[in-house]
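Me: I'd like to talk through a structure with you. Can we take it question by question?

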Amino acid sequence: MEARLSKQVAIVDIGETPVGKVPELGSLQLYGLAIKAALEDAGLHKEDIDGLLTAQSMAEHYSRQCLAVMEYLQLEVRYASTSLLGGASHCSQVGLAALLISSGVCETVVVAAADNILTGLSRDAAVREMAANRHPQYEIPYGVPVPTGYALVAKRHMHEYGTTGEQLAAVAMAMRKHAGLNPAAHKRDPITIDDVLKSRMISSPLHLLDCSLVSDGGAALILTSAERARELRKAPVYVHGFGEAYSHDNVSQAGSFTAFASRASGEQAFSMAGLSPKDVDVAMLYDSFTITVLIQLEDLGFCPKGEAGPFVQEGRIELNGALPVNPHGGLLSHAHPGYPGGIFHLTEAVRQLRGEAGPRQVADAEVALVNGIGGIFSSHATVLLGKAKP
Amino acid sequence: MSGYGKPVPPATKDSEAYWAATRDHRLLLQRCKQCQAYQFYPRVVCTRCLSTDLEWQESSGVGEVYTFSGVYRAPSKEFEGDVPYAVAIVELPEGVRLLSQIVGCPVDGVRIGMKVRVVFEDMGEAGALPKFAPA
């Protein structure tokens, strides 16, 4: 039986806080301001919200994060949940919001995520917190920082397909180029392939510039039915399809080190939407590391397995290329507040489909794919958004 | 007693025998008596057929590097002194893979496909951590 939404659902508001170094605001404050900004975006009131979906926080631990946010803003909701899927949380929650609205359990759902891991934690504490998510018995004793999990994949991909460090660096260069057009981005100075390869080695083959940023920041999306969206200020962006799939929990248990469950989550989303990779005008791919982008290009069907290295060369994933990826600069250059990172891929997709992206607007953007990945290629969630109704 | 100094694995009911054997420098793998499948890490059931009829078999510990990475920035203070070190996925002839470290050769000397043999690093009460050196 094919999965279908019985009602059309749209994203009607987006809101973002400043990102980068934001020392005056902690996680809950960032949530508050992001949700406020989203409500003001399309003229909704907080009383309209009856669903609240949030991420976790690394800088400030709350046992029931979604309820901490609900209490902070004094919201009254019928459904609240905190996703534990890491970077896949936000795309997963767009799917969940669509299910809640489609079933009639909720009318208006907020998907939000915010954290202050740059100013709320020391660099050492941030690295340590992230490394602590590895398996306590079979990984932690061996000293496995997060980049190493991804580096194991990169090394294997290079071994099987001849992918080069230069090809990985091309992703970082493209993200920084895009961030150069985005006044909100955390890092904007252009970098060359050479700059990436000469940057400090973190875990071979990944250099510092192959790795995402550590930033503060947050954002929120508001979803409602297409019918309700008609009464609101901004052009709705419709949810055409979504999917979710999981490869493993710990990378040491991965079956394959070059292909993961983004393939399955992508297939679900494309199938629900009745679309295929060639219909995608802008791809928002989870760029925790340069290798992550290559894997998604293959797994989501934008190029054959093993060919993402050549695919990202010659500007193909840049703004004017065949498949623009992350026009906002991604986790590599716009911002990565840890658990919330992927939410900006969603807000940027909405901006692109509304035609509001200014100098970094992808011309005639009608369909956007957004993909999120959590853990170390563990959890995967794909969303297809469209300007037109499904 | 001078401390081992690094995070030790917290044994669970299903892994006590695994870690106990490492004290004697033995690498034990779980095998299902019902369907013959080997599995790592050890669990209370066979992941293939869900049988609880599992036994321990000693592995030769001779395997191959499936992938690896040289760690240049440690995840925490305890590992800073070891940087750079090679973390690897090692494939054993029983058909299981485990994450470990390659020791006894420089980090840039590690190769995918390299033959390696298990060695043990004593952790005190918690057992000995299986690592691999060129065979």
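**Interface and pocket**

Me: Which residue of chain A forms a salt bridge with Lys77(B)?
Reply: Keep in mind that this is a predicted model. The count between chain A and chain B is one salt bridge. The closest N and O atoms of the pair are 3.8 Å apart, which counts because the cut-off is 4 Å. The partner of Lys77(B) is Asp124(A).

Me: Which element gives the largest share of the side of chain A that touches chain B?
Reply: α4 (123-131), α5 (146-161) and β5 (201-203) of chain A each put in at least two residues. The largest share is eight residues, and the element behind it is α5(A).

Me: How much area do chain A and chain B bury between them?
Reply: The contact draws on 35 residues from chain A and 39 residues from chain B. On the chain A side, Gln137(A), Tyr138(A) and Tyr142(A) supply 26% of the buried area, more than any other three residues. Carbon and sulfur atoms carry 60% of the total, which is about 3100 Å².

Me: Which element gives the largest share of the lining of the largest pocket?
Reply: The pocket has a volume of about 760 Å³. Of its 39 lining residues, Met130(A), Asn133(A), Arg134(A), Val146(A) and Gly375(A) are the closest to the centre. Elements giving two or more residues are α4, α5 and β10 (367-374) of chain A. With five residues, the largest share goes to α4(A).

Me: How many residues of that lining are charged?
Reply: The lining has 21 nonpolar and 14 polar residues. The charged ones number four.

Terms used:
Residues numbered from 1 in each chain as written. Chains lettered and ligands numbered in written order. Predicted model: local features only at pLDDT ≥ 70, side-chain atom pairs only at ≥ 80, totals over all residues. Heavy atoms only, no water. Contact = heavy atoms within 4.5 Å. Buried area = accessible area lost by both parts, 1.4 Å probe. Salt bridge = Lys/Arg side-chain N within 4 Å of Asp/Glu carboxyl O. Helix = DSSP H or I, 4+ residues; strand = E, 2+ residues; numbered from the N terminus. 1 Å grid on protein atoms, 1.4 Å probe; cavity = no way out; pocket = protein on both sides within 12 Å on 5 of 7 lines; lining within 4 Å. Points joined across faces, edges and corners; volume = space filled by probe spheres on them. Nonpolar A, V, L, I, M, F, W, Y, C, P; charged D, E, K, R; others polar.
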